[in-house]
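I opened my notebook to explore one protein model piece by piece.

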Amino acid sequence: MDRKRLVVVGNGMAGVRTLEELLALAPDRYDIRVFGAEPRVNYNRIMLSPVLAGEKSFADIVLNDADWYEANGIDLRSGVRIVRLDRDARQVITADGGRVDYDVLLLATGSRPVMLPVPGAGLPGVVSFRDADDVAAMILAATPGSRGVVIGGGLLGLEAANGLKARGMAVTVVHLMDTLMERQLDGVAGTLLKEALEARGIGFHMQAATEAILGQDRVEAVLLRDGTRIPADLVVMAAGIRPDITLAADAALPCGRGVRVDDWMRTGDPSIFAVGECVEHRGLCHGLVAPLFDMAKVCAATLAGRDVPGYAGTAQATRLKVTGIDLFSAGEFAGGEGTDDIVYRDVGAGIYKRLVVRDGTLAGAVLFGETGDGAWYFDRIRSGADITSLRDRLIFGATAAAAPPGGGAAIAGMPDDAQICGCNGVSKGAIVAAIREKRLTSVDEVRLHTKASASCGQCAGLVRDLLAATVGTDAVVEASTALCSCTAHSHDHVREAIVRQGLKSIPEVMRALDWSTGEGCAKCRPALNYYLLCAWPGDYADHQPSRFVNERLHANIQRDGTYSVVPRLWGGLTNARELRAIANVVDRFHIPAVKVTGGQRIDLLGVHKEDLPAVWSDLNAAGLVSGHAYAKGLRTVKTCVGKEWCRFGTQDSTRLGVALERMTWGCSTPHKVKMAVSGCPRNCAEAAIKDFAVVCVDAGYDLVVGGNGGTELRAADPLCRVTTEAEVLEYCGAFLQIYREEARYLERTAAWVARVGIETVRQRVVADGEGRRAAHSRFLHSQTFCQDDPWADRVSRGVDAPEFSILREVVR
């Protein structure tokens, strides 16, 4: 049977969750193509708050990496925006005019942030808080001493304020109402929350309306309606969201506030379904993740041809993702006519609990300061169970309500259909079944097999309690520091064993350390390959199949399946001969785009896979070698022109940058390495966000290490000042070698320096002169085995090399 063509517009949590459910039910029913406006894989949007606060990295919140899409045969078109639907032709139209056919279309377009229509709302420095790009912009702006204003005191606004404060920014929240999070909290809980956030240094203007945002070239202040002027370097609009119905409305699908769907997520067109925040179901739109996942389950079953009960709505609970503040709200928390309140408050302990009872059932709950029984209360709200016999002790939680004493008491009294993970809709019964059937013994294993605690993570304690209640406390394996699921050994233990036991191949390591799988996995094989390369330079042969695809092909794959080629320009220098060669290659191979990169290189974009060896050959002929833009190794050494040309230059920064690049190119490191040399403290080469960098001064060279300019912005730490170029090279080689030998695979220098401490690095590189010289010597020794151009090597093997034995694919 021919597969139907399923097109998904939206690569967010609701759309991809639908695909996960669909693949579990009918993996061969559809050819699937996913369009995502963001240029990245699917990630956990509700965990952007911990990323902003510096508690997690973006990598920590990725839900489905590129390998998942490939393994499931899904054609992901990230960074491609759909601008129109042609329902008659059953096609979606991309921003560049491309047309893609569908048999079934799933709209998962999410929502858009509400941007207040006030003067100045379009100024630079005014952002929303909806995606990873917003977070990156906020992190860049949140330098110590800077000032931020968050407009909106709801859930997202408060999480944004807390994250910016954690980054060192002075933060003020402007809120229109008299209670924070008034849609989830009563007045008492709102007041307690405000006091807790004020204790962290966050300021508030309550019952305040924004009149205008002030500034010339960028934001400078927020003007309130009462005339108050609040200085601001950043303004975050967190005033709510609206379903993104643009595509649906333009295609004349029935819409209200959202895209109208029936109980099986069908729109007014039988070939078009919709899920998530863009949807209006029975007159309601939802912004929390639990109902989105419930919709996804029903939609997937319908797409799989299953006859299932329709979606009837989801009881919702709210938790604030602010570390150190415990807050839970569910159901009819505000009470009202026909309800009774049960209230407990311990002022000294900062605990407040309010339960709302209606007709002998629990209708709502607000918990502040002590939220461990939140899931237990939420289950009673959802089930509508009679609580009359428990009423006198209900406020004291599950243990007092006659659940068995001891660990996991809140879990033991729950029925099997009680929801443990509200984010992912995982019940107690599903978790227990997985634990027993698959013999799970750790929270990580439960998370892997059930997705319980995989989103906001706040139910992890309940998952552990349930695990302990099922297998026994002594059998629970605590959080693993293992390299991967194939082994119980940590990165550090594996590295030490490789050297101590003289292990010199991947199979040897796996046998000696009792790997649970014969071939390893995509996580451990690249790590082992790197550790062996680092430990045994000259003895261990790089195992290319254990590298990531970009490293195997010495080029970066692009979203359309073509590749980018970046030749190395030493220190950013080039000449007419090299530029002519690049231009000739562009013409000969019809390369569609040429881009100057932020690292002072030239990127040739859109090279077809089978053309790579010929492109490299032509570039080699002009003396150009690989720029390693794909590598876990040195990428670039960015330089300014220095004293040779610049009137502010204090040293010859370009010459020094070239010398550094000549010394370090081709090296293998745990992660990519970027360096820079600035000719004066004006820092045109952006030394402060590089892994190793030099700032030239009249008295010599200031060295800094551990900087990062990505989503987790980190200013480099000062290492020391030296007086000669030779010392710069020695300190650089020593620093890189110690990083190579002691960091964990895929750990950037920023994370490694933060983990071990800059004082440790200074002791090893600066204070211990003998150790520094020895490390530098080891680095130079290892370089003798790796400074061969991989392009020239691949050219010598010709196009018959396995990687290039494919015909050119037609990009539709």
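Predicted model: local features only at pLDDT ≥ 70, side-chain atom pairs only at ≥ 80, totals over all residues.

**Entry 1: around valine 7**

I began with valine 7 and skipped its neighbours within four places in sequence; the residues it contacts are then Arg33, Phe35, Val92, Val100, Asp101, Tyr102, Val104, Leu105 and Leu106. Next I looked up where valine 7 sits, and found it in strand E1, residues 4-9.

Is valine 7 buried or exposed? Valine 7 counts as buried because its relative accessible area is 2%, and the cut-off for buried is under 20%.

I also checked one distance, from valine 7 to tyrosine 30. The two are 23 residues apart in sequence, and their C-alpha atoms lie 9.4 Å apart in space.

**Entry 2: a sheet of five strands**

Then I moved on to a sheet. In what order do its five strands come? I read the order as E11-E18-E12-E13-E14; the sheet is open and the pairing is parallel. At the edges I found strand E11 (126-128) and strand E14 (203-205), each of which pairs on one side only. On average, neighbouring strands in this sheet are turned by 25° against each other, with direction ignored.

A reminder to myself: backbone hydrogen bonds are what pair the strands of a sheet, in either a parallel or an antiparallel way.

I zoomed in on one pair. Strand E12 (residues 147-151) and strand E13 (residues 170-174) run parallel and are joined by five bridges. I picked out arginine 147, and its bridge partner in E13 is alanine 170.

**Entry 3: helices across the sheet**

Which strands does helix H4 lie across? Helix H4, residues 132-141, lies across E11 and strand E18 (234-237), and it runs at about 140° to E11. I looked up helix H5 as well, which covers residues 155-166. Helix H5 lies across E12, E13, E14 and E18, running at about 165° to E13.

**Entry 4: a cavity**

I listed its lining: Pro526, Asn529, Tyr530, Leu533, Ser546, Arg547, Glu551, Lys632, Ser668, Thr669 and Tyr745. Sorted by class, that makes four nonpolar, four polar and three charged residues. Helix H16 (residues 524-535) gives the most to this lining, with four residues.

Technical notes. Residues numbered from 1 in each chain as written. Heavy atoms only, no water. Pairing = 2+ DSSP bridges. Helix = DSSP H or I, 4+ residues; strand = E, 2+ residues; numbered from the N terminus. Axes fitted to C-alpha atoms, helices over the stretch in contact; angles between N-to-C directions. Contact = heavy atoms within 4.5 Å. 1 Å grid on protein atoms, 1.4 Å probe; cavity = no way out; pocket = protein on both sides within 12 Å on 5 of 7 lines; lining within 4 Å. Nonpolar A, V, L, I, M, F, W, Y, C, P; charged D, E, K, R; others polar. Buried < 20%, exposed > 50% of the residue type's maximum accessible area, 1.4 Å probe, protein only.
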